[in-house]
Every structure is written in C-alpha cells, then in structure tokens.
Amino acid sequence: MKCQDFENVARELAYAENHNAAPNIYSEARAHFDDCESCALRLADERELNRGFRAVKAETNQYQPSPEVEENLRQSFRETVSAGAYSEVARTAARGQAWQTYGLAAAAAIVVLVFTVALVRSRFAAPTPQTPQRVEARVIPENNLKAPMGNAEAFTPSKKHDELARARRRKRVRSMTEPVIHEAESSLLSAANTTSADGREAEIATEFVALSSNAANFQDGGQIVRVELSRSAMASLGFPVNVDRFGERVKADVLLSADGFARAIRFVQ
Amino acid sequence: MLAGDEEALAALYRRRAGDVHRFALHMCGSQSLAEDVTQEVFMVLMREGRTFDPAKGSLPAFLIGVARNHVLRRLRRERFYVSLDEDPTNAREGVSDRASGPLDSLSRNETIESVRKSILTLPERYREVVVLCELQELSYLEAAAILGCAVGTVRSRLHRARVLLIEKLRPADEMEGAEVKRARCFA
C-alpha cells in the first residue's frame, strides 16, 4: 500500500476502529502506517477527529428545543384550525380527489364509447359474404349493347359519402376477388372495359366483380352479355343503393364463361 | 395533522424536532437562532404540509432540507451582526456532569468546544456535510438528497472538510514542525 492509497482509506479505517469493525484492508494498512510516519500521523489525526465528533454527538444528542417552541407551535396551530384553514385544506383535497374520480370515470366512458363505436362500425362495414346468386336477367339483344343508357342518373351518387363508401367497398371486393380472376379473365375484362374506345358513346362502367369463388377458365372463350337487373342486385353485391330507387332497374354486363355460367358482373351507366 | 389534529402535530414535533434543532444548532452555533429555525420549519410544515411528496424523499429529509434553507437565509442576513455573549454551551447544562471527574469533564468540554468551533469556521458547503454525515449520521445518499447534489460531491466535500478540520484542530506548537514532518512519503 502506498501513501496515496492510505489517504483514501484513512477515514474508513478510523471510522471502522471507532465502530469496532475493522475492514479487511486494516492489516494491509497497518503494515504501511507502521513504516510510514506521516501516514501514521494522518491516521492519528483521523482518530482524534472521530473522537471529537463522537463527543459532540454524545453531548448534543440530549439537545431539544425549549418547551416554548412547542407551545408557540400549538398556539399557532389552534389559531389556524379555528380560522378554518385546515378544513379548507381538507375540503380542497377532497374536492381534488372527487375531480380525479370524475376525470377517471369520464376517461373510462370515452374509451368504452370509442370502442363500442369502432366495434359497431366494423361489424356493419364488413362485407357480407358474397354468395353467387342466381340473377334473373333479361338478356338484351346484341345490337342494344350500343344503345345509350336511358336513365343517365342511374349511377349518379346522391351523396358524396356514398361515393367514398362505394370506393372503399369496391376496393375491398376487389381484394376479395383478386385471387379468383386470373390472367385469362383479366384480358377479357380489359377487352370489355374498352368498349367505349372505338368512337361509340362512352359508357361508365364499374369494374368486374366476381360472382363465383371458383376460378373460371376462359381458355375456351367467354361472353359478355348486357342485362338489366333490379337495384337490389347491386345491394346484394355490396354496392350502396339509394333505398328510394330500390325498385328501379340498372344495366349490367355479365361475363359468362364457356360453360355458360356467370362469372363476373359489372354495372354500366 | 393536515386534518387539524393538534396531537398529531405534537407527536410529529416530539419525534422530529430534535434532529431539526440539532442541525440548526450545529450549523449556526446559536441556541436562539436554532430554536427560531425549528419553529419556522414546523410552521412551514403546518402551512405547506400538503406540498410534501413522500415519493421525493422522507419526511426527516424534507424537514432538514427546509431547516437548511432557513439557516442559510438567516446566516446570510445576520452575517453583519456580531453575537453578544451567545454561549452555545448553555444548552448542555447538566449534561456534562455525567463525566467521570472534573479533569475529564474539563478535557472533554475543551474537545467538544474546539470541535464545534472548528465546524462553525468551515465554509457552509463543508459545514453542512459534516453536520449531516458525521453529527446527524445520515448516509451519503440521504445527505445528497437534502443538499440537492450528487453523492460523489458529498463524499469529496466531506473529505475536504475533514482535512480542514484536522488542520484547525491541530495544536499550534505541532503546526510549526508539521511542514517538514508531514511531507508525503512515496514508499
């Protein structure tokens, strides 16, 4: 051990000696201060200082403030209580606790309300399972395909949010049908969508919506048939329909596969 | 106590007033000033007791912290005044009679007096760590919480304070040859 090390432990040594609990380093330090006079003096000084502290502590442990201090405090306390300050304090604290309770209750109510609304919205917004339905359709002759729509308002959205909802729903339906419509289908679909590109009167059409969850094979050909349906058919496919016009009819293109089954449908305006 | 129970205040006072009073006495060396500070600390507790947050520290630490603020304020305010015949030993009348004999008592009183005076001559930042850690026997951690500083700061201040006290307590005749004798060896 060197003097620098001893300097660091001198106080602990003196303290441990005073408390009759010599630390492990004591023997090593003793070997040092037996040889080093200045460190031995330093340890003696530390011991002396600790003795002084002990004496002061023993002396002052008895010290207490005079009884007048307590009496003054009691008097002051009584005056404060009689002035109602403490009841006011207690009332304020109780009020604060009540507000805390109300706040917690309100927060809990808001959380429950938000959760309920989210649950209800998710249940009503979820698309109903698309079961392939049997559509009673009146087949329009081929030459009538080029005829302009009689009712131009047939697909005009009545409200803005209807359109947004429709877009959302269409996206959802599309995502559901994507695995079903394969490459052959998509070529047919794109062919069907370009009916207005050759100079005829433009038509606005929705995208094709699959009617069957089975994959259709269009290698052997397919056919698009223009039909008129009641608007309830739109609703059953997940499109928003104005209830007031529920009985009206709407035009649609039905995509038939080679075996004659309706595979997909789109609505035309 | 905050509900207006006087006995609760009295019980709290009897349990904690001694620590507060001793701290103030060691810090300022004046019995009357220490009593003023003690009274003021408990007045603060009565007035602003609801501001005490147990999560931030213990009640004794809170009380000593308030006492420290008051002591430092009073010391700064009254540093221009000289105490007339203020004898801090008047508080220990009857206590020193416990010593075994008159000579022992005299020697012991001298030691106590010299240590107390030496502590009072320390700068405030050293004095408070000596009072808290050595005389009040608080841990470094508790002292650091009261003083609002790091534990390492407490430790280093205490080390420095002890060195200063040793120098102050060393007899004058020993001081003359000390420069030569206390040269550090590098064994």
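**Entry 1. Terms and model**

I count a residue as buried under 20% relative accessible area, as exposed over 50% and as partly exposed in between, using a 1.4 Å probe and the protein chains only. I am working with a predicted model, in which local features need pLDDT of at least 70, side-chain atom pairs count only at pLDDT 80 or more, and totals for chains, interfaces and linings use all residues. Residues are numbered from 1 along each chain as its sequence is written, chains are lettered from A and ligands numbered from 1 in the order in which they are written, and side-chain values use heavy atoms, with hydrogens and water left out.

**Entry 2. Chain A overall**

I looked up chain A and found that buried residues make up 32% of its 269 residues. I took helices (H or I, at least four residues) and strands (E, at least two) as DSSP runs, numbered from the N terminus. On that basis chain A has eight helices and five strands. Along the sequence I read the pattern α-α-α-α-α-β-α-α-β-β-α-β-β.

For contacts I used heavy atoms within 4.5 Å. Of the contacts in chain A with a separation of 6 or more, 70% come from residues 24 or more positions apart. Accessible areas come from the Shrake-Rupley method with a 1.4 Å probe, and for residues only the protein chains shown count as cover. The accessible surface of chain A comes to about 16,500 Å², and 55% of it belongs to carbon and sulfur atoms.

**Entry 3. Strands of chain A**

I call two strands paired if DSSP finds at least two bridges between them. I started with strand S4 (residues 249–257) of chain A. Strand S3 (residues 222–230) of chain A pairs with S4(A) in the antiparallel sense over nine bridges. In that pair, A:Ile224 stands opposite A:Leu255.

S4(A) is also joined to S5(A) by six bridges, and these two strands run antiparallel. I noted A:Lys251 opposite A:Val268 of S5(A), and A:Ala252 opposite A:Phe267 of S5(A). The hairpin of S4(A) and S5(A) has four residues between the strands, and there A:Gly260 takes a positive phi near 90 degrees.

Strand S2 (residues 209–210) of chain A is joined to S5(A) by two bridges, again running antiparallel. The partner of A:Val209 in S5(A) is A:Ile265.

Why do I describe S4(A) and S5(A) as largely enclosed by the rest of the structure? Eight of the nine residues of S4(A) are buried, so S4(A) is largely enclosed. Six of the seven residues of S5(A) (residues 262–268) are buried, so the description holds for S5(A) as well.

**Entry 4. Chain B overall**

I then turned to chain B, which has eight helices and zero strands. Its pattern along the sequence reads α-α-α-α-α-α-α-α. Of its 187 residues, 45% count as buried. Among contacts in chain B between residues at least 6 apart in sequence, 63% join residues at least 24 apart. Its accessible surface comes to about 10,100 Å², with 52% belonging to carbon and sulfur atoms.

**Entry 5. Where the chains meet**

I looked up one helix pair across the two chains. Helix H3 (residues 37–60) of chain A and helix H5 (residues 124–135) of chain B pack at an angle of about 80 degrees, with their axes 11 Å apart. That makes H3(A) roughly perpendicular to H5(B). The residues in contact are A:Phe53, A:Val56 and A:Lys57 of H3(A) with B:Val130, B:Glu134 and B:Leu135 of H5(B). Axes here are lines fitted to C-alpha atoms, for helices over the stretch in contact, and angles run from 0 to 180 degrees between N-to-C directions. Angles under 35 degrees count as roughly parallel, over 145 as roughly antiparallel, 65 to 115 as roughly perpendicular and the rest as oblique.

I also checked B:Gly18, which lies in helix H1 (residues 6–28) of chain B. B:Gly18 is buried, with a relative accessible area of 4%. Leaving out residues up to four places away in sequence, B:Gly18 touches A:Tyr63 and A:Gln64. B:Gly18 and B:Thr38 are 20 residues apart in sequence and 8.8 Å apart in space, C-alpha to C-alpha.

**Entry 6. A loop residue**

Is B:Glu137 buried or exposed? B:Glu137 is exposed, at 52% relative accessible area. I place B:Glu137 in the loop between H5 and helix H6 (140–147) of chain B. B:Glu137 has a positive phi of about 55 degrees although it is not a glycine.
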